[in-house]
Amino acid sequence: MKKLLNNWIVQVLLFLSLLGLTAYGSQMINDIIPPYLLMIAFFIGINLIMALGLNLITGVTGQLSLGHAAFMSIGAYSSAIATVNFDLPFLLGVLIGGLIASVFGVIIGFPTLRLTGDYLAISTLGFAEIVRVQFTNMKITNGAIGFLGIEGSTTFPIVMTIAVLMICLMVWLENSRNGRAMLAIREDEVASSAVGINTTLYKIQAFAIGAFCAGVGGALFAHTTTFIQPTDFGFQKSVDILSIVVLGGLGSIPGTIIGAIVLTAAPEILRPLSNYRMIVYGLLLVVIMIFRPYGLMGGVNLRQAVRRAMMFPKKKQAGREE
Amino acid sequence: MLTLEKINVSYGSIRALHGISLEVKKGEIVALIGANGAGKSTTLRTISGLLKPSNKDSRITFKDVQIQGMLPHKIVEMGLSHVPEGRRVFPEMSVYENLLMGAHSRKGKPGQADFDRVYHHFPRLKERIKQLAGTLSGGEQQMLAMGRALMARPDLLILDEPSMGLAPMLVEEIFHIIEDINVAGTTILLVEQNAHLALEISNRAYVLETGEIVLEGLAQDLATNEDIRKSYLGE
């Protein structure tokens with residue numbers, strides 16, 4: 001079984017069938033559930049895609065970034081311009097959004113490389129503000145009035161398929177040489193250079209891939225809401241995505257998935273509380289962080305947990321019988 | 001194998017090193033001894049590219065190549081590994097993953113032979129292979145840090161305070177292993193506060209005081225030197 005799973009042909013087949021299943025399954029869901037729930041599911045998927053990108057930058061590589069909304073807005077606007085002004089097909093627009101955001105990820109990555117922790121956070125925050133103000137004052141983005149007339153081309157199967165694609169990419173990256181190098185940089189940057197890791201290269205890589213995810217998420221967002229304005233991508237948005245990553249558990253992919261589901265659904269579930277909604281939402285965050293300070297899935301090695309769950313029940317039962 | 005000429009290093013306006021020159025020949029163990037703040041770690045960090053000399057006429061040559069100004073990872077690729085002060089293992093990674101990271105600079109995957117070489121010197125690491133590095137004892141972490149550096153198959157290993165914070169018994173063990181590694185063909189440059197032990201295993205030594213080399217010579221000569229005995233061996 002293990003040997004079979006290590007065969008790359010088997011892996012590719014598994015991967016393709018997973019994508020097919022996702023597309024088919026989400027199409028079914030798309031037809032069944034009411035539009036309101038579907039909208040929530042849409043945003044869970046989009047937030048997940050963006051959070052996976054930030055998880056790579058902040059969770060895996062350890063570079064605290066407060067400017068994720070900037071990459072999202074770059075993806076959103078450039079894909080909107082691509083599909084509306086240049087009449088390009090929707091999926092190409094999404095790809096363009098991701099790539100342009102990625103280019104900006106590299107650009108912001110370079111000057112801020114010497115910074116770490118709080119200082120990096122502040123400079124990415126500054127970058128995000130510059131981007132937002134720039135979009136407010138550009139003609140092609142229609143400034144503060146907002147960009148109108150984007151086609152609502154995003155469908156639920158597309159969001160879900162891209163989300164699964166991103167998850168697979170992240171899992172693969174995590175177990176690759178590059179992923180381990182990124183993790184080592186988070187663990188100890190000096191030791192990383194001492195063992196011969198090119199810290200600059202991997203930090204830039206993390207920013208590029210993370211920004212790509214945000215750009216794709218932004219592009220899907222633009223083609224879901226059909227209308228975007230600079231205020232959609234403020235500081236609050238960056239914090240929202242960061243909360244998903246931190247609450248799920250820094251560096252944990254399952255954590256990011258759970259975080260995206262919980263934090264996107266919570267405001268909607270709490271809607272009956274009307275005015276008290278955000279208070280309870282805030283309380284929820286505080287309570288989770290008190291009881292799970294490393295995030296919901298922080299410090300949980302899923303593979304080990306599954307192995308333990310599969311191997312030990314018999315022993316435990318034997319112990320109980322004594 | 002390694003030569004330093006007239007190295008000056010400054011932290012801002014504070015000069016840490018004034019014109020350090022030293023040499024390490026192939027197959028040697030060379031010790032760098034001195035008190036706190038003498039500039040020992042600064043010297044090592046400059047060699048491995050983590051710090052840059054502030055003067056232009058300085059020269060660092062490794063295997064007849066100028067390595068001054070090269071990026072740290074390039075220097076590791078050339079065969080110079082640095083075990084930094086305070087061990088600095090990757091705490092959330094297993095012992096195995098830590099060792100794997102050590103081989104990062106080499107092209108291709110490390111073979112079983114590389115792991116066996118590390119296990120040969122540090123049998124205890126083999127027992128702990130799946131354990132998270134952060135849960136190891138101080139001595140085991142030191143062994144892991146050295147093992148990790150060996151995974152890069154270095155020709156020159158530079159060690160920063162391998163005895164720091166360890167029990168005397170363990171310090172002896174670590175020093176025996178350093179000798180073994182040297183016998184197996186790796187040249188060693190060693191920084192140590194425990195001058196007594198350092199002089200015991202090394203061929204030659206340099207004494208550093210406030211950023212300058214004040215004395216150099218064969219280790220056994222230094223060990224019998226009156227001044228050294230007074231200042232560093234506590235006699």
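## Terms and basis of the model

Two residues are said to be in contact when heavy atoms of theirs lie within 4.5 Å. The structure described here is a predicted model, in which local features need pLDDT of at least 70 and side-chain atom pairs count only at pLDDT 80 or more, while totals for chains, interfaces and linings use all residues. Residues are numbered from 1 along each chain as its sequence is written, chains are lettered from A and ligands numbered from 1 in the order in which they are written, and side-chain values use heavy atoms, with hydrogens and water left out.

With residues up to four places away in sequence not counted, A:Asn55 touches A:Val60, A:Val245, A:Gly249, A:Leu250, A:Gly251, A:Ser252, A:Ile253 and A:Thr256. A:Asn55 belongs to helix α3 (residues 35-60) of chain A, where helices (H or I, at least four residues) and strands (E, at least two) are DSSP runs numbered from the N terminus. A:Asn55 counts as buried because its relative accessibility is 2%; the classes are buried under 20% relative accessible area, exposed over 50% and partly exposed in between (1.4 Å probe, protein chains only). The side chain of A:Asn55 also reaches the backbone nitrogen of A:Gly251 at 2.8 Å.

A:His223, in helix α10 (residues 199-225) of chain A, is likewise classed as buried, at 1% relative accessibility. Its side chain joins that of A:Thr83 in a polar contact of 2.9 Å, a term for a pair of N or O atoms within 3.5 Å in which, within protein, one must be able to donate a hydrogen and the other to accept it, and for which residues adjacent in sequence count only if both atoms are side-chain atoms. The side chain of A:His223 reaches the backbone oxygen of A:Ala219 at 2.9 Å. Apart from neighbours within four places in sequence, the residues in contact with A:His223 include A:Ser79, A:Phe90, A:Ile150 and A:Gly152.

## The fold of chain B

Chain B has 10 helices and 10 strands, and its C-alpha atoms fill a box of roughly 45 × 40 × 30 Å along the principal axes. The radius of gyration of chain B is 17 Å, which agrees with the value near 18 Å that a compact globule of 235 residues would have; this radius is taken over C-alpha atoms, and the globule rule is 2.2 Å times the number of residues to the power 0.38.

Of the 235 residues in chain B, 54% are buried. When contacts in chain B between residues at least 6 apart in sequence are considered, 67% of them join residues at least 24 apart.

## Where the chains meet

The interface brings 19 residues of chain B into contact with 17 residues of chain A. Between them the two chains bury about 1,800 Å², with 65% of that area on carbon and sulfur atoms; buried area is the accessible area (1.4 Å probe) that two parts lose on being put together, summed over both. B:His73, B:Phe90 and B:His104 supply 33% of the area that chain B buries against chain A, more than any other three residues.

One salt bridge is counted between chain B and chain A, the term being used for a side-chain nitrogen of Lys or Arg within 4 Å of a carboxyl oxygen of Asp or Glu. The side chains of B:Arg88 and A:Asp188 form a salt bridge, with an N to O distance of 2.7 Å. On the side of chain B that touches chain A, α2 (72-77) and α3 (95-102) of chain B each supply at least two residues.

## Salt bridges within the chains

Over all chains the count comes to 13 salt bridges. In chain A, A:Glu189 pairs with A:Lys203, their closest N and O atoms being 2.9 Å apart; A:Glu189 lies in helix α9 (residues 189-194) and A:Lys203 in helix α10, 14 residues apart. A:Glu189 is partly exposed at a relative accessible area of 26%, whereas A:Lys203 is buried at 3%.

In chain B, B:Arg204 forms a salt bridge with B:Glu28, with 2.7 Å between the closest N and O atoms. The pair links strand β9 (residues 204-209), which holds B:Arg204, to the loop between β2 (14-24) and β3 (29-34), which holds B:Glu28, across 176 residues, and both residues are buried.
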